[in-house]
Amino acid sequence: MHKDLLRLARAERSVRIHLACCLAAAVVAGLLVLVQAELLAGVLSGRFAIAALLPLALVVACRGLLGWAQGVLAGRAATALKSALRRLLFGRVEGLGPAYRSGELVTLAGRGLDALDPYLTGYLPSVAVAGVVPLAVVVRLFVADLATAVIVVLTLPLIPIFGALVGWTTKTVTERQWRALARLGGHFLDVVRGLPTLRAFGRARYQASVIREVAEAHRAATMRTLRVAFLSSLVLELVASLSLALVAVPVGLRLLSGSLDLRTALLVLLLAPEAYLPLRAMGTRFHAAMEGVAAADEAFAVINPPQEAGRATAPAGAATGTGKAGGAGRPAPAGGPPEIRLEDVTVRYPGREETALDRVSLVIEPGERLAIVGPSGAGKSTLLHLLLGFVTPSEGRVLVDGTDLAGLDLDEWRRRLAFVPQRPHLFATSVADNIALGSAAGPEEVRAAAAAAQVAEFAAALPQGYDTPLGERGANLSAGQRQRVALARAFCRPAARVLLLDEPTARLDGRSEAAIVAATRRLAEGRTAIIVAHRPAMIDLADRVVRLDGGALVPPVPAPPISLQGGEAR
Amino acid sequence: MSRAEATTKTAMKTATETSAVASPLSVVTGTGMGRRLVLAALAGAAADLAGVALIASAAWLITRAAEQPPLAALSVAIVAVRAFATTRGVFRYGERLAGHDVALRAQAGTRERLYRALIPAGPLPQRGADLLSRMVDDTDAVQDLLVRCLLPAAAALITGVAAVVIAGFLLPAAAFVLAAGLLVAGVLLPAGTAAAARRWSARIAPARADLAARVADLVHGAADLAAYGARDRALSAAMDADGRLSLLERGQARINATALGVGMLTQGLTVVVVVLTAQAAGLGRVATAVAALTALVAFEPALPLAAAGERFAGVVAALRRLRETAATAPAVREPADPAPAPEPPLTVEVDDLVVRHGGREPALNGVSLTLTPGRRVAVVGPSGAGKSTLLSALMRTVEIESGAIRLNGVDVRRLSSDDVRALVTGLTQDPYVFQATVSDNLRLAGPQASTEDIEAAVRRARLDAWTERTGWDAVLGEDGRTVSGGQLQRLALARALLYDPPVLLLDEPAEALDEETADLLMADLLDATRGRTTLLVTHRLRGLEQVDEIVVLEGGRVTQRGAHADLVAVPGYYRDLWESEALTRHRG
């Protein structure tokens, strides 16, 4: 069994119990086949009275009941294990930082884990049965008829040996073929996705014949591989059925000579196939099981990531679950807007050569409105993430009213922040819940925030007003409307003292921009505002403009005329 | 063949292709498919029959031998046992090969038919990348339909009938019992699991989607959740969704477990009743044993059908989705007898055009503009104003409700849409990069283009520095090299220039680029289109003083039109946007 999966299954009580019972049910049901064969041989040979059909029916009923129990328990074990894996995966979400390919994680935690079902409910029980039942059958055969037992014992190992041999010789070819199959699906998807582009250049019809040609070439190659790959099943089938012939014919001849009784002969005939069956059943489930193992590998690669890069530079999100880091966090100083001081801060993302921030020193006065400008990739967003505690400095430190941010209780510190990201995420809940995110605001406060952020004007027009679900499958909001919902979130936290805005007007047209700028101006009153901006209207809000380039602060561009306290930052 | 004939033929072909995806069974009616499928089914049945015959003859051999007849009486049975033992594996091998061959053919055919049906279809509404990839997965269902459902069912049916006939020869009553048992295991149980799977998946699918939405919130919204201290609540919402899904999955597992248990019970009880019936009828020992063991083995092909029934429900749903997709109405009505395409140079007249998506407010409401050869017209306006709809109407990918678009006086509705797009096309919204080399990605817009042509187009799109760096044979797309937004738009521009249509359309070429890249690209683009008949849709005004006319669209209507200097002089959307942009400029 998969090592990490086994450890998890042992640790989770619900998985452990259900899985153990499921395997036990499978094994007992397998062993009952021996009893069934015993009774049937007895009745058919006339050794047992016809009344023996009653216990036979009971055995049959028991097998049916055990089969049912096995399925139910396997379902319970599988769902419990998937839940446990999901909980672990979710626990890692923040630690992965924003760079992780989030789409893959969503797929993995959803449909990806379902690949474990055939592994747990099919493969594992078949392994348990294959480990016990053939042995029991062989033992019974030894007791019943030595000659038969010897034949079975000699031929039985051929199944795993031939299986392994054929599998081994065709492994690389088969794997290449499965990859080709995946590529073929990829090619088709690619063409379908690009259909509008193909249509625009009059190439759509031509691609239909390409689809056929590619598929035909693939089919021919696959069939060449399968002709060899299916040899394994041919061999297994032949071993099993020829062994039966090898058993049945001599038994018949010995019956003829009277050296064997009919009951034993029938028992041998009924039991011999049962020795091979579990091994073949295990073999047929192997491929599906390997997909489950692959899914488990993928999940554990996220849960237990390979240790690389210094911890100091790892995204600090891992520590944000509670934010207390061993309870050592000091409460953030309360009261008015704090003074924020960056001292020679350098940020390096793991696995990247260049620094995201390079020895940045900056003092942000309480109540100041600071605009950060610079080309994309200059480190503007990193600076905001630094203040949010999403990343930690590799060198240097961030001081909040003189206290190192690393020593602060992050949860408490973040309660004093209001963050409007560049592309705010809209959650699959109502408009009101999206605005109230993380706060205990009542409907009145939500409406007030919505009005201030100019959400009210479009929220009223939504099908269910503030109760309209948003998110991927919910109402479709424009970029400007999404931005305003995110601003309303900030308005919904009256206690916030520091406002962090990441290009809130990027990708907006002029009129949407004006609405956001006006709302931001109101929101910034009485607070420190740090605004990553590149549009003039937003920059004009600021008291001071600093410019980042290549992660470093560069001397400020000539300050806009309305600037009140521009100056050198270092 | 005249163009008219060709178009009619294409239209007819499309109609038959659409209906070809229509029924789950239609996948097997393709050329030669029926014969291959019958062969695969026969091989499967032969393998199963050999299995039954092997046990039956072995049972006969042993029970008859116990009566100690002369050896000669057993010789046929001995040969039979050996023969069936050998042939079973060989037939199985043949079945698996033939089955996979036919399944791969069917899948390839389904994909091609689906694709052909999609060509004339309108833009698939609200189909994100996920839905498209699910559609591709759905075409895999055809393989499962054949390999996991139809072929095993056919083999089980033939084997079952044969077993009942064998039993019938021995004792009609036993045959009746066996038939009843097989009916339960091979027909009732699969029908039950299929029905249950249909019902449960109707409950499980929304639970699954709900979990996916919660996980997406948790992952994509991680920054928002952390910043607002809302993580714990989102986490428990996700685990609650997981709990609800688990509960349903357990319910489904119970159904499947019941089917499994009942199947095993039916098999065992059938054997018991067969023996009982035989004893009651005073049947001989040999016949009783043969009947009992035949009954026991006859269930082996039938029992897995319960699981196949569950899969069948999924297959049917997948094929239904494909059918619905393939039946998406064509975006525009093709003329039965298309007019010959007008010869360039072209004058495009848009006359009081009204276009509506579904039953909503018109996306375009009485738009008129004229594009004479060599002129460049820019369309600006807020998002949702109908700019892209105008281009779609020009490219004949949305239908005109009223008004007209004329090319040299010919109404586009009288032309085949392929002909229109050969004349009026360019850089469309969301250009796509294929998983192919740089060179192939460009060449799709000019299969016959010379290397010089391609290089010239790349130079004019200012993509040459990039192609030099990556090389012409670098593979792009999902698994290949990633292409930044700016490079993607330049690649699309190079394609459009290479295709060199008489009327060039450019839809938001600077979309999703940062300011500096966008400025550079727009400057290059205005340079490259000088002297071409061009319609440019944009929300950036910089450089628009170079175009001949600017049309401002707001809410599907033209609210302003004129040259840059005229529009800046009067209050309105254009001047507002210009002032907002002008502020950026002097800060550079």
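Q: Where in chain A does UniProt put the feature "transmembrane region"?
A: The unreviewed UniProt entry places it at residues 47-66, 120-143, 149-169 and 228-250 of chain A. Those positions use the numbering here, the feature names are shortened, and such annotations may be inferred rather than shown by experiment. Keep in mind that this is a predicted model: local features need pLDDT of at least 70, side-chain atom pairs count only at pLDDT 80 or more, and totals for chains, interfaces and linings use all residues. Residues are numbered from 1 along each chain as its sequence is written, and chains are lettered from A, ligands numbered from 1, in the order in which they are written.

Q: How much helix is in residues 149-169 of chain A?
A: That span is 90% helix and 0% strand, with its end C-alpha atoms 31 Å apart. Residues 47-66 of chain A come out at 70% helix and 0% strand, and their end C-alpha atoms lie 28 Å apart.

Q: OK, zooming out: how many helices and strands in chain A?
A: Chain A has 20 helices and 10 strands. Both are DSSP runs numbered from the N terminus: helices are H or I with at least four residues, strands are E with at least two.

Q: And what share of chain A is buried?
A: 49% of its 570 residues. Buried is 20 or more other C-beta atoms within 10 Å of the residue's own, exposed is 12 or fewer, and partly exposed is in between, with C-beta atoms placed from the backbone.

Q: Which strand of chain A has 5 of its 5 residues buried?
A: Strand 8 (residues 528-532) of chain A. Thr528(A), Ile530(A) and Val532(A) are on one side and Ala529(A) and Ile531(A) on the other, all buried. In a regular strand the side chains alternate between the two faces of the sheet.

Q: What does strand 8 of chain A pair with in the parallel sense?
A: Strand 3 (residues 369-373) of chain A pairs with strand 8 in the parallel sense over 4 bridges, and Leu370(A) stands opposite Ile530(A). Pairing requires DSSP to find at least two bridges between the strands.

Q: Switching to chain B. What's the strand order in its open sheet?
A: It goes 6-7-8-3-9-10 in chain B, 6 strands with mixed pairing. Strand 6 (424-427) and strand 10 (557-562) of chain B are the edges, each pairing on one side only.

Q: How is strand 6 of chain B joined to strand 7?
A: The two run parallel with 4 bridges between them, strand 7 of chain B being residues 503-507. Gly426(B) has Leu505(B) as its bridge partner.

Q: New topic: which residues touch the most other members of the largest nonpolar core?
A: Ile435(A) and Ile62(B), in a core of 370 residues. Helix 2 (residues 33-66) of chain B gives the most to this core, 21 residues. A nonpolar core here is a set of buried Ala, Val, Leu, Ile, Met, Phe, Trp, Tyr and Cys residues joined through C-beta atoms within 7 Å.

Q: What does Ile435(A) touch?
A: Leaving out residues up to four places away in sequence, its contacts include Val446(A), Val485(A) and Cys492(A). Contact means C-beta atoms, placed from the backbone, within 7 Å.

Q: Last one: how many residues are in the contact between the chains?
A: 111 residues from chain B and 115 residues from chain A. Helix 7 (residues 231-280) of chain B gives the most to chain B's side, with 23 residues.

Methods
Two residues are in contact if their C-beta atoms, placed from the backbone, lie within 7 Å.
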